[in-house]
Amino acid sequence: MHWIDLTIFFLYMVGMLGFGVFFLQRNEGADDYYVGGRNMTSLHIGLSVVATDVGGGFSIGLGGLGFVMGLSGSWMLFTGLLGAWLAAVFLIPKVKGNPVFDKAFTFPEVFEYYFTPQVALVAGIISAIGYAGFTSSQILAGAKLATGTFADLDLQTALIIMGSVAVLYTVMGGLKAVIYTDTVQWAILMIGLIFIGIPISYTAVGGWEAISKTVDPALLSMTNISWQDVIYWTVTIIPIWFVGMTLYQRIYACNDEETAKRAWYLAGVFEWPIMAFMGVSLGLFAKVGAEQGMFAYLGAADVSETDPETGLPMLLRTVLPVGLMGIMMSAYFSAILSTADSCLMAASGNVVSDIIGYFKDIDHDSDTFLRFSQITTFVIGTFALLIATTMTNVLDLMLYSYAFMVSGLFVPIIGALYWQKSSSIGAIAAMIFGGSTTVSLEIFLENLPAGLDANVFGITVSAIVFVVVSLAFPDENTENITDKSVDNVNTINE
């Protein structure tokens, strides 16, 4: 990589760390550090949501899907659009329309309100573990991008570099810094893809004529997808919009309900079709380049020797001229940092507020709390880096984390919001059995019935257990749990 590109990339990294230092000096308590001061606009929140959700994992993962599946891989992010819009209609009014959540910091606090503190504790543990996995996937995405771009850089060294930058930036900045820098990072990524990455890559592989002659025609269609893939993405990605800690933090950060809804609608459109087709198109171009032997000088003489998720970095390394390479790499690292910092903030919030806060009263406005939160964020980030060193596939790691959270938390949150017979014991049982089912099947069984994903069975088990146990062991206050919000509003107004 030319020294000019390295200089551009280095200055970008210093700039992002500078944002962290800037907000480090201005964070005054939990509201600033975890929920951005609760006064953010829909534009900042919407761009932060999509930057966090798509980010580096899906950016690199989408390139891998485009390499293997072609344009049909874009359907994965269509489920992101559906999830965002469904959450805007069914979840946000329940959260922003209830004054009891005006001072909330985490997703499990919703469980504490509808159920018991014990339910919130279990949810906090599941969420913290899941987001540690999310963070690992982003660090791995950055490392893969770096090894595919920088000559003579091995994966372990790249992991240490990317992990250190992501962790330090997040520890310093808090959510307010995360949201503002997400806006900048997403703009950099969009500009980089639209004006640099896509047109130059398209031209370098020979344009449409070369693409259509080189790859299997199935890769150019929108039907190169199995029904198992559709179910997998649907049950894994859509529910995350209802249980994602990073998303609840941004709901709490919005001024009001309408601001949050606008942000979620905006995020959905950016996911699909905008980011979806740009991501898989670049992966498709990388497949053409591999078929043409473009990466032979990198040790990948043909397509069989190319890791689908490193095809895109190798393509950019090969076709981008001096100067533009540094800008494009900064764009992709923007996506990675925008997700890694948010995931770290989510896990830290779960550990501090939901787990430690269960056993010890916490003063969210104290300087001690702020420093303790930063230390916790650092510890979790280090743990996430260690996880990343054991995995090789970005998309698998991220979707495993999604599946673990979704299978345990989705059914109980829907029950809390919409089923009046939901009980605390039923919620805990559903979390434990749903999450355990998914993890056990992922570990011990390679082939499941009908080729379905383990998460399908995890959610099914969670739903059955939730209904059966809730009916068998009802809470004393379950006469009308779905009206609890209204009762609370009336009490506050009185």
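User: How many salt bridges does the count come to here?

Analyst: The count comes to 2 salt bridges. Keep in mind that this is a predicted model. The general idea is that side chains of opposite charge can pair when their charged atoms come close. One case here is Glu209 with Lys213, where the closest N and O atoms are 3.0 Å apart. The other pairs Lys261 with Glu257, at 3.2 Å between the closest N and O atoms.

User: Where do Glu209 and Lys213 lie?

Analyst: Both sit in helix α9, residues 207-214, and they are 4 residues apart, about one turn of the helix. Lys261 and Glu257 have a spacing of 4 residues too, about one turn, but in helix α13.

User: Is Lys261 buried or exposed?

Analyst: To read that, look at the relative accessible area: under 20% counts as buried and over 50% as exposed, with partly exposed in between. Lys261 has 17%, so it is buried.

User: Okay, on to helices. How many helices and strands does the chain have?

Analyst: There are 20 helices and 0 strands. Take α1 for practice: it covers residues 3-24, and its 22 residues reach 31 Å from first C-alpha to last, close to the 32 Å expected at 1.5 Å a residue.

User: Which residues of α1 are buried?

Analyst: Asp5, Phe9, Tyr12, Met13, Met16, Gly20 and Phe23. Now look down the helix axis: these buried residues fall within an arc of 90°, so they line one face of α1. The face turned away from that buried side carries exposed Trp3, Phe10 and Leu11.

User: What about greasy spots on the surface? Which residues form the nonpolar patch?

Analyst: That patch is made of Leu82, Trp85, Leu86, Val89, Phe90, Tyr265, Val269, Ile274 and Tyr418, with about 730 Å² of accessible area together. Helix α4 (75-90) and helix α13 (257-291) each supply at least two of its residues, and α4 gives the most, with 5. Leu86, one of the residues in α4, has a relative accessible area of 35%, so Leu86 is partly exposed.

User: And the chain as a whole, how much of it is buried?

Analyst: Buried residues make up 60% of the 494 residues. The chain exposes about 18,200 Å², and carbon and sulfur atoms supply 66% of that. For contacts with a separation of 6 or more, residues 24 or more positions apart account for 85%.

Notes:
Residues numbered from 1 in each chain as written. Predicted model: local features only at pLDDT ≥ 70, side-chain atom pairs only at ≥ 80, totals over all residues. Heavy atoms only, no water. Patch = residues over 30% accessible without salt bridge, like charges linked within 9 Å, V, L, I, M, F, W, Y side chains within 5 Å. Areas by Shrake-Rupley, 256 points an atom, 1.4 Å probe, with all protein chains shown as cover. Salt bridge = Lys/Arg side-chain N within 4 Å of Asp/Glu carboxyl O. Buried < 20%, exposed > 50% of the residue type's maximum accessible area, 1.4 Å probe, protein only. Expected span 1.5 Å × (residues − 1). Arc of directions from axis to C-beta. Contact = heavy atoms within 4.5 Å.
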